Amino acid sequence: MTKLERWYLIVVVGVLVGVPSSRGQSDPVDNCRPKGDETILCEDREDICFDYGLSVIYDVDGYCPNGKVPYINPDYICNCDVICIDEIAEGEDCEITYPSEYPTALCGNGLDCLRENTGYVCKRNDQKPCVKRIIDYESASKNGTLSPGLLYPTCNNIGQYAAVQCSTSTTCYCSDTDGNRLFGEAVYTERDGMDCQCSLHWLRNEQLGLTEGMRCLANGNLDPLQCNDEFCFCYNSTTGAISAGPFHPSQMSLLSCYDPSYHTVNYTNICTTVAQLYALQVSEDTDTITLGSECVLTPSRWAVSVLTSARWAWRSKLCVWADSLKPNCSLDGYYAAVQAREGGLSYCSDPLGNMIEDFEFATAVASHVTCNCARRRYLLKQAGLIAYLPTCCTNGNFEPIQTRGLYSYCVDLNGNQVDEAVSFIEADNLNCTIKQCDF
């Protein structure tokens, strides 16, 4: 197998098992997995469905009309057919067993068929953390105790946390189905452009022990331009298919998905390039160098160059810290929020490797530091949204007590309110259990 064929296999498998399709979370039951010793790969899904006389339905959630819910037809492999069955509204009777092979009606999105008295009723399941958080939010709004720091979560159709969660009037970030934060963040005004498919792709890769995969954008989406040493191509995250290419890397700028305002001529972003340089140990090379049209300077104002790639015929130029250790890169190829320096110190970093404000701490406690607060402040300032800047610890974590308007409240690691809020004049009476500044 050639290197190109191996990469294509990685891309295909990554699409199949690492990138959730648009239909994934709406399936009422998991009836699409191979049974027993079957090993079906649906890399040719369109052709397989065509053989059945069917077309691939990418937007399963929006496929059925009002009053109907989608159900993957178990009579066809590769999710080639969707059945629209009757939707049972909240509070109406439901059944947990069916006389036929598949149900004729199911509870609507976000509802479960739960026992009530002697029967079963479609209702929201407050045993699911995401659903309970919505119920608590609505209760606070109804009784007049709603405060501006309370998260109104987004749940998927089966009551788990959706991929994108938004803290009130600040930033949105990527999440797994249990509400754990993943890579990817953007200001709340850019919420509609986030799907976090790349973050979920890498979560799945980690679970499978895979180290190869797709490159992300800063907001957790898939970069529409994907490259390796051999070729580049455009990837459509909606259809899960290559939409243009492959082209040789030297011709990547000819691809429709190439964005000169974001993509570099060598594709490699600054942190990944510095990591490669670190591995090559070429610090003695102090030629003046540039990345794009300007030298990207970090506080030390110290330049080094990356060796010429004979395959790609380019010479990358950039600036790095004179006293930097191996950089910690994000899935988009830029600097992660937490970076280590010489002298036993670490700092909160912006995507270009610069320290955010003066957030610094001992490297020995770095495992307890997220810099989530520092990064939120950075993103909001960059977007000119300074009305609700959070208060941070000196290490870049969230201060346990946040105040907005007339309310003060305790927050979690993501800056979202926990427990009830109090008047700001009673802030000192709060006893927050999550201590983020003690590191």
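User: Which residues lie nearest the centre of the second largest pocket, and how many residues line it?
Analyst: This is a predicted model, where local features need pLDDT of at least 70, side-chain atom pairs count only at pLDDT 80 or more, and totals for chains, interfaces and linings use all residues. Residues are numbered from 1 along each chain as its sequence is written, and side-chain values use heavy atoms, with hydrogens and water left out. The pocket is lined by 37 residues, and Phe 183, Glu 185, Ala 218, Asp 332 and Arg 375 lie nearest its centre.

User: What makes a space a pocket?
Analyst: Work on a 1 Å grid over the protein atoms alone. A pocket is an open set of points with protein on both sides within 12 Å along at least five of seven lines. A lining residue has an atom within 4 Å of a point. The second largest pocket has a volume of about 1,200 Å³. That volume is the space filled by probe spheres (1.4 Å probe) set on the points, which are joined across faces, edges and corners.

User: Which element gives the most to that lining?
Analyst: Strand β8 does, with seven residues. Strands are DSSP runs of E, at least two residues; helices are runs of H or I, at least four; both are numbered from the N terminus.

User: Why is Asn 79 called buried?
Analyst: Buried means under 20% relative accessible area, exposed over 50%, partly exposed in between (1.4 Å probe, protein chains only). Asn 79 has 10% relative accessibility, so Asn 79 counts as buried. Asn 79 lies in the loop between β1 (68-72) and β2 (82-88). Its phi is near 55°, a positive value in a residue other than glycine.

User: And Asp 419: buried or exposed?
Analyst: Its relative accessibility is 62%, so Asp 419 counts as exposed. Asp 419 sits in strand β19 (residues 417-423). Its phi is positive too, near 65°.

User: What makes a group of residues a nonpolar core?
Analyst: The members must be buried Ala, Val, Leu, Ile, Met, Phe, Trp, Tyr or Cys, joined through side-chain atoms within 4.5 Å. The largest such core has 15 residues. Cys 371 is among those that touch the most other members, as are Phe 359 and Phe 361. Elements giving two or more residues to this core are β16 (355-362), α6 and β18 (407-411).

User: Which peptide bond is cis?
Analyst: The one joining Gly 245 and Pro 246, with omega about 10°. Pro 246 lies in strand β11 (residues 241-247).
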